[in-house]
Amino acid sequence: MTTRSELLALHDQQVRGTIASRLPRHWESSWDGPVLQVATPTRGFAFAQDLDDLDVEELDALIRRVRDRSGARGKAIEWKTYGHDRRDLTERLRLAGFAPEDEETLLIGLATDLTAAGQALDGIAIRETTDPVDLRRIAALESEVWGADWAWLADDLRDRIESAPENIVVFVAEAASEVVSAAWLVVIPGTEFAALWGGSTLRQWRRKGIYRALVARRAQLATDRGIMYLMVDASKDSSPILHQLGLQAVSTTTPWVWSPTT
């Protein structure tokens, strides 16, 4: 059995180490030392590894440059941090005006262990889709679940599908033609990994096995493609379910966000 530390090392090498090569085609990226800064139609992103060699002054200057470039575009930026990053990173981000969003748990497990995660109840239909109409319905679902405007998600999913259709498969779960949940499998090309994204379910349809059924469908697809590991940045709601299914918690991840309106 692969240990937690071994899984984390694989993740850092294969997932964190390959982000630049698999961005959607409409995203623009640039490197500033160890930081990959990405501009998207919505908020920007900053991904960093190997910060340990920087002294505090160098790190602070790097964070300011990332922040100011995003500010020049009038866009917020999210710096994705991990629980095993250098210990003072989050404090340096805080001092630069960044604020944390909800912490998630990074879970990893074998795809083959999840193929029997669950089945949908009678009356729930799960199907694949690339239809722009469905993508807008998914965005509306996410907006309702999270109480915020997620309209951007439809364009994001379409961009990912058009950029690399072989690397993303979107599923919707419907009850009487209403989208009650949605999730997608994101293949990380050239690695042993795929990611389970999405999974939000309308409140009145939770605890009915839909989330587990979507995990099983994506795990079977991953297994059929020869993918070894599945990873999830899991919320506090989904983390216990995935842990029960056999995924291992290997770290945490927290987005730290700076906005020009803050």
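**Reading burial, phi and packing**

Colleague: Is E174 buried or exposed?
Modeller: E174 is buried, with a relative accessible area of 12% (buried is under 20%, exposed over 50%, partly exposed in between, using a 1.4 Å probe and protein chains only). This is a predicted model, in which local features need pLDDT of at least 70 and side-chain atom pairs count only at pLDDT 80 or more, while totals for chains, interfaces and linings use all residues. Residues are numbered from 1 along each chain as its sequence is written, and side-chain values use heavy atoms, with hydrogens and water left out.

Colleague: Where is E174, and which residues does E174 touch?
Modeller: E174 is in strand β8, residues 168-175 (helices, H or I of at least four residues, and strands, E of at least two, are DSSP runs numbered from the N terminus). Beyond residues up to four places away in sequence, E174 touches G123, I124, A125, R127, R137, V179 and V180 (a contact is heavy atoms within 4.5 Å). With R127 there is also a polar contact, side chain to side chain, at 2.9 Å (N or O atoms within 3.5 Å; within protein, one able to donate a hydrogen and the other to accept it, and sequence-adjacent residues counting only if both atoms are side-chain atoms).

Colleague: Which residues other than glycine have a positive phi?
Modeller: Most residues other than glycine have a negative phi. Here D50 has a positive phi of about 55°, and phi of A176 is near 55°. D50 lies in the loop between β3 (44-48) and α2 (56-72) and is exposed, at 67% relative accessible area. A176 lies in the loop between β8 and β9 (178-187), and is exposed too, at 74%.

Colleague: Which residues of the largest nonpolar core touch the most other members?
Modeller: In soluble globular proteins, nonpolar side chains tend to be buried together. In this model the largest core has 61 residues, and I138, W184, L230 and L242 touch the most other members (a core is a set of buried Ala, Val, Leu, Ile, Met, Phe, Trp, Tyr and Cys residues joined through side-chain atoms within 4.5 Å). Helix α6 (residues 210-224) gives the largest share of this core, 9 residues. Apart from that core lies another, of 16 residues, including A48, V66, I77 and L89.

Colleague: What does helix α1 pack against?
Modeller: The buried residues of α1 (residues 4-14) are L7, L8, L10, H11, D12 and Q14. They pack against β4 (77-82), β6 (104-110), β10 (193-201), β11 (229-234) and β12 (248-258).
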